[in-house]
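Below is a short report on one protein model.

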Amino acid sequence: MSHDWIADYLSARLRRAPGEPLSRQLYRQLRELISQRRLNGGTPLPASRALALTLRLGRNTVLAAYDQLTAEGYVESRHGSGTYVSDAFSRQASPSEPVSALPRGLSRRGQALAQASRLPAGKLGAFVPGLPELEQFPYRQWQHCLAKRQRHPPLEWLRYQQQGGLPELRWTLSQYLRLSRSVQCEPEQIVIASGAQQALSLLAQLLAEPGDVAWLEEPGYVGAQAAMQASGLRCVGIAVDQDGLRVDAEADPPRLIYVTPAHQYPTGAVMSLPRRLALLEHARRHDSWIIEDDYDGEFCYASAPLAALQSLDQERRVIYVGTFSKVMYPALKLAYLVLPPELVDPYRRCQARLQGEGHYAVQAAVADFIEQGHFARHIRQMRTLYRRRQQLLRHACAQTLGDSLPLRGGDAGMHLLATLPEGFDEWALQAAAAERQLWLRPLARHYLGQPSGNGLVLGYAGIADHAIAPAVRQLAGLLETRLK
């Protein structure tokens with residue numbers, strides 16, 4: 001808090017009517033700021049002469065307040081420097097003060113959600129999963145598209161919006177999705193969202209009642225788990241194998257089914273055609289909605305990618321979710337949904353009311369970025385780059401670790417799954433690695449229930465080629481230390 005803010009705060013609270021003396025009022029207001037730690041220990045107070053002038057008070061009035069605060073230990077005078085808040089009033093809790101693991105006042109659901117929303121230890125450095133290559137993004141072309149659209153935006157774009165996204169972008173996306181992912185859609189079925197996480201949360205609230213069953217892949221995406229839990233759904237983990245989610249006829253019938261069929265997160269499995277057909281039939285039988293999260297379906301290496309699950313849907317039960325976070329950059333916070341026609345209007349209205357929509361100039365720039373070919377060109381370049389980085393990671397692991405760290409996945413996406421020896425403490429390894437700027441994601445983090453194996457989710461897309469082998473050597477050193 002600067003001297004000007006302190007003076008403004010005090011000026012608004014001093015009462016010049018007969019009653020409590022001004023020096024006493026000044027003392028009381030400053031003591032309250034300090035005791036509530038709104039002024040931290042070591043903060044300098046305004047000089048008495050300057051504060052008196054600003055507040056239109058006599059200097060002796062200010063000095064009397066400062067003297068009382070000094071006598072009580074709230075402030076201390078430093079010769080030749082001024083008056084400072086005592087160091088005893090720092091923001092950190094004292095060592096003897098108990099610190100609650102969770103904030104007070106949370107509901108039971110809020111406490112569960114806070115536990116489920118533990119954030120990763122770091123988002124930069126080697127092995128962060130889901131982080132795309134950012135240094136080679138075509139910023140010049142993107143900035144040209146953005147500047148053009150922001151220079152003279154139509155007045156309509158600056159108003160509150162409730163269209164479900166800029167029509168121009170929705171039309172462009174419909175063309176792109178039909179050709180690249182075989183998605184069946186018209187522009188009117190597409191809704192633009194402020195990130196896939198917000199889209200998942202709103203879908204859970206719209207399509208299910210609290211207590212309804214949601215099937216989630218086990219292990220699976222923690223963001224989907226958090227979204228379903230936040231909506232009060234009963235989350236059931238359904239096992240995945242090399243062919244994707246295994247439809248469990250014995251499990252409680254679901255209202256919602258969340259899947260990542262193009263590249264299962266985090267195992268890397270691609271859902272086979274028989275499994276896709278079985279899932280669609282199960283959803284038809286139990287009147288379930290399927291949420292297909294195609295978070296990185298653009299990056300397929302082994303063969304031509306399977307068409308989206310939504311392309312097989314004849315019952316209009318699949319909701320397709322895509323994002324620009326992986327193919328452009330995460331901070332763009334732009335996602336899109338392809339909804340069955342009957343869901344478009346309620347979703348659009350609820351999004352406008354509960355979450356808001358906007359940034360139409362940015363949406364227009366994205367449409368231009370796609371139409372001018374920059375988007376497809378960038379995807380092609382990143383597909384080549386990520387394939388090479390995956391090969392470098394595999395080679396480095398084979399050279400340094402041999403067969404002691406088996407790797408799974410790799411047909412698509414931006415990460416591999418490494419299998420650790422049984423009984424290995426993933427969390428201790430994560431903490432030790434963070435000290436070396438290695439960001440390891442334990443596989444256990446992705447389970448709703450008891451983990452069935454040990455592993456690490458190793459991202460490779462955002463690591464420079466030359467940094468991969470040294471990072472693997474550091475990882476090998478940590479593993480060797482903990483295996484002794």
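## Nonpolar cores

The largest nonpolar core holds 69 residues, and Phe 127, Trp 142, Phe 324 and Met 328 have the most contacts inside it. A nonpolar core is a set of buried Ala, Val, Leu, Ile, Met, Phe, Trp, Tyr and Cys residues joined through side-chain atoms within 4.5 Å. Buried means under 20% relative accessible area and exposed over 50%, with partly exposed in between (1.4 Å probe, protein chains only). Phe 127 touches residues including Leu 393, Trp 439, Val 457 and Leu 475, leaving aside residues up to four places away in sequence. Contact means heavy atoms within 4.5 Å. Another core, of 28 residues, lies apart from the largest one; Ala 193, Ala 208, Ala 227 and Leu 233 are among its members.

This is a predicted model: local features need pLDDT of at least 70, side-chain atom pairs count only at pLDDT 80 or more, and totals for chains, interfaces and linings use all residues. Residues are numbered from 1 along each chain as its sequence is written, and side-chain values use heavy atoms, without hydrogens and water.

## Helix 10

Helices (H or I, at least four residues) and strands (E, at least two) are DSSP runs, numbered from the N terminus. Helix 10 covers residues 273–286. Its buried residues are Arg 275, Arg 276, Leu 279, Leu 280, His 282 and Ala 283. They cover an arc of only 160° around the axis, so they sit on the same side of helix 10. The arc is taken from the directions from the helix axis to the C-beta atoms.

Those buried residues pack against strands 4, 5, 6, 7, 8 and 9. Pro 274 and Arg 285 are exposed on the face turned away from the buried side. Just after helix 10, Asp 287 has a positive phi of about 55°.

## Helix 4

In helix 4, the buried residues are Val 62, Ala 65, Tyr 66 and Leu 69. Their arc is only 95° around the axis, which puts them on the same side of helix 4. They pack against helix 2, helix 3, strand 1 and strand 2. Asn 60 and Ala 71 are exposed on the face turned away from the buried side. Gly 73 follows helix 4, with a positive phi near 90°.

Four strands form an open sheet in the order 11-12-14-13, with antiparallel pairing. Strands 11 and 13 stand at the edges with a single partner strand each, so one side of each lacks a neighbour in the sheet. Two strands pair if DSSP finds at least two bridges between them. Strand 12 and strand 14 pair over five bridges. Ala 418 has Leu 456 as its bridge partner in strand 14.

Key. The expected span of a helix is 1.5 Å times one less than its number of residues.
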